[in-house]
Amino acid sequence: MLNLFLRFVFLALGLKGAAYTVPGIVAPDFLGLLQVAMILWLANETLGRLIKFLAFIPIFLSLGCLTWFINGAVFLWVGQMANQWGLGFRVDGFGSACLGALITSIISGLLGWIFIRPKKPKRPDQEILPPE
């Protein structure tokens with residue numbers, strides 16, 4: 001549960017970093033960013049995965065570059081929804097959305113890699129068995 005909360009915090013920090021570096025993105029205070037991070041996570045987990053599944057062949061043929069535009073489209077859609085809902089997060093165009101999605105994923109990915117280490121699974125051959 002703590003890992004999920006940390007991922008939302010890292011995603012909010014990534015959104016703040018994108019708003020700081022990309023001129024077409026406006027971000028609210030940190031609590032508003034946490035709300036936008038939850039919406040973005042939910043949209044990526046549902047709509048983003050569905051679009052990537054349906055566009056598997058073009059993604060394969062473009063060597064994965066199409067995923068950048070899909071992430072940008074989901075980012076733009078979430079920005080428009082958050083703006084309509086009065087959360088204070090706004091994305092002004094598709095170019096800003098693609099760049100914002102890239103910066104957000106880099107920042108949140110790096111923070112997750114630094115602070116959240118996956119548990120290494122135990123291999124059966126490494127177990128120490130008690131003597132019989």
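Predicted model: local features only at pLDDT ≥ 70, side-chain atom pairs only at ≥ 80, totals over all residues.
Residues are numbered from 1 along each chain as its sequence is written, and side-chain values use heavy atoms, leaving out hydrogens and water.

**Overall build**
- You'll find 5 helices and 2 strands in the chain, counted as DSSP runs (H or I, at least four residues, for helices; E, at least two, for strands) and numbered from the N terminus.
- Starting at the N terminus, the order is α-β-α-α-α-β-α.
- The C-alpha trace spans about 70 × 40 × 25 Å along its principal axes.

**Burial**
- Of the 132 residues, 35% are buried (under 20% relative accessible area; exposed is over 50%, partly exposed in between; 1.4 Å probe, protein chains only).

**Aromatic pairs**
- The whole structure has 6 aromatic pairs (Phe, Tyr and six-membered Trp rings with centres within 6.5 Å; planes under 30 degrees apart are stacked, over 60 edge-to-face, the rest tilted).
- Phe10 and Phe115 make a tilted pair, 5.9 Å centre to centre with 35° between the planes.
- That pair joins helix H1 (residues 2–21) to helix H5 (residues 94–115), 105 residues apart.
- Phe10 counts as buried because its relative accessibility is 8%, while Phe115, at 55%, counts as exposed.
- Phe69 and Phe94 are stacked, at 6.3 Å and 10°.
- Trp68 joins Phe69 and Phe94 in a cluster linked by ring pairs.
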